[in-house]
Amino acid sequence: MAETGTDISIARGLLQKGDLVAVPTETVYGLAGNALNVDSVARIFEVKNRPSFDPLIVHIYDLSQLSKYVMNIPQQAERLAKEFWPGPLTLLLRKRSIIPDLVTSGLDTVGIRCPKHPMTQNLLKTLDFPLAAPSANPFGFVSPTKASHVTDQLGSKIKYVLDGGPSVVGIESTIVGFENNKTIVHRLGGISVEQIESVVGDVEVITSPTAMKSPGQLKSHYSPSKKMFVADLSKAVEMVDLQRVALLSFKDDYKAPHQVTLSPTGSLPEAAKNLFDALRILDKMPVDLIIAELVPEEGIGRAINDRLRRASAK
Ligand code: TXA
Ligand code: MG
């Protein structure tokens with residue numbers, strides 16, 4: 001069973017040997033390994049049970065490292081990195097050959113991100129390689145936002161979980177790519193579309209599963225194991241047997257026996273922070289079904305709704 005602790009030197013020692021370690025980030029916990037070591041990268045796919053066509057994000061500690069791993073950095077990318085790194089933004093850029101093809105599933109672009117969590121920042125600074133890290137959950141399941149979420153699901157497969165407390169953003173990074181001078185958002189995430197547009201002007205948002213640029217965009221993803229669907233809760237409570245369903249509300253208390261509220265004060269960042277923990281709690285309730293309501297479609301609310309819709313697509 002994985003040990004959980006706050007000792008960065010244990011994490012470093014394991015990573016240097018090629019082992020995997022779960023690391024905290026401000027978005028979600030990552031299952032990290034040496035991005036330049038093909039065996040470590042292969043082990044990430046194995047532990048996550050992740051199909052090899054789904055590429056990994058590479059984590060660096062600051063912008064100065066970027067040109068070691070990618071080339072042809074568009075101006076928009078540099079501006080976004082300067083504004084939002086360290087933070088929940090992943091940039092898709094043309095990879096250099098030092099990044100193994102296994103990391104990118106054979107694509108010629110690599111997703112690079114600079115995480116903000118101080119523990120993982122410190123860890124990255126003491127390593128002489130970047131970390132490949134997908135979210136530390138079995139493929140298709142809800143991402144972990146606490147060390148205990150990781151041990152619950154992957155504890156038997158890894159040796160160490162670096163515990164950095166609950167993830168403060170709580171939803172994965174926004175993935176942005178660049179094509180023919182256009183900036184394209186491929187995954188809605190911790191940095192809102194409005195924030196991106198404030199730096200580079202209008203962007204396109206292409207997160208449909210057919211685009212398949214980001215398999216995290218598979219229609220059904222981020223799912224709890226119970227059946228879930230999205231509805232207007234004020235109407236649903238009149239129609240269902242409340243003993244048999246669990247409700248996921250944004251801010252309102254529907255006085256149901258099984259209910260989790262994301263943010264009683266109606267704060268979208270707070271709702272994002274609580275979302276994945278809420279899905280895990282709901283999944284354990286003695287009910288057959290989860291019914292969730294959407295949150296306002298603005299700021300990080302768009303990413304929350306994206307995850308709710310995908311979690312309920314089966
Ligand atoms: O916030 C995050 O991004 C977290 C933390 C740990 O950094 N990581 C994360 O990784 O969410 P993962 O593997 O669960 O999701 C990464 C997504 C996948 O949907 C993958 O398909 C997409 O990024 N991706 C990675 N590299 C890509 C590339 N070169 N082109 C298109 N999509 C890419
Ligand atoms: Mg993931």
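Visitor: What should I know before we start?
Guide: This is a predicted model, where local features need pLDDT of at least 70, side-chain atom pairs count only at pLDDT 80 or more, and totals for chains, interfaces and linings use all residues. Residues are numbered from 1 along each chain as its sequence is written, chains are lettered from A and ligands numbered from 1 in the order in which they are written, and side-chain values use heavy atoms, leaving out hydrogens and water.

Visitor: Why is Thr-120 called buried?
Guide: Buried means under 20% relative accessible area, exposed over 50%, and partly exposed in between, with a 1.4 Å probe and protein chains only. Thr-120 has 2%, so Thr-120 is buried.

Visitor: Where does Thr-120 lie, and what is it in contact with, leaving aside neighbours within four places in sequence?
Guide: Thr-120 lies in helix α5. Helices are DSSP runs of H or I with at least four residues, strands are runs of E with at least two, and both are numbered from the N terminus. Contact means heavy atoms within 4.5 Å. Beyond those neighbours, Thr-120 is in contact with Val-23, Pro-24 and Pro-115.

Visitor: What makes α1 oblique to α5?
Guide: The axes of α1 (residues 8-16) and α5 (residues 118-125) come within 10 Å and cross at roughly 45 degrees. Axes are lines fitted to C-alpha atoms, for helices over the stretch in contact, and angles run from 0 to 180 degrees between N-to-C directions. Under 35 degrees counts as roughly parallel, over 145 as roughly antiparallel, 65 to 115 as roughly perpendicular, and the rest as oblique. The angle of α1 and α5 falls in the rest, so α1 is oblique to α5.

Visitor: Which residues make the contact of α1 with α5?
Guide: Ile-8, Ala-11, Arg-12 and Leu-15 come from α1, and Met-119, Asn-122 and Leu-123 from α5. By class, five are nonpolar, one is polar and one is charged. Ala, Val, Leu, Ile, Met, Phe, Trp, Tyr, Cys and Pro count as nonpolar, Asp, Glu, Lys and Arg as charged, and the others, Gly among them, as polar.

Visitor: Why is α4 called oblique to α7?
Guide: Helix α4 (residues 75-84) and helix α7 (residues 193-200) pack at about 120 degrees, with their axes 9 Å apart. That angle makes α4 oblique to α7.

Visitor: What makes strand β10 largely enclosed?
Guide: Five of the six residues of β10 (residues 174-179) are buried, so β10 is largely enclosed by the rest of the structure.

Visitor: How do you know that β10 and β11 pair?
Guide: Two strands pair if DSSP finds at least two bridges between them. β10 and β11 (residues 182-187) have five bridges, in the antiparallel sense. Phe-178 stands opposite Thr-183 in β11. Strand β6 (residues 89-95) pairs with β10 in the parallel sense over three bridges. There, Leu-91 stands opposite Val-176 in β10.

Visitor: What makes β13 and β15 the edge strands?
Guide: Their open sheet of four strands has the order β13-β16-β14-β15, with parallel pairing. Strands β13 (227-230) and β15 (259-261) each pair on one side only.

Visitor: How do you know that β14 and β16 pair?
Guide: β14 (residues 245-249) and β16 (residues 289-292) share four bridges in the parallel sense. Ala-246 has Ile-290 in β16 as its bridge partner.

Visitor: Which strands does helix α9 lie across?
Guide: Helix α9 (residues 268-283) lies across β13, β14, β15 and β16, at about 170 degrees to β14.
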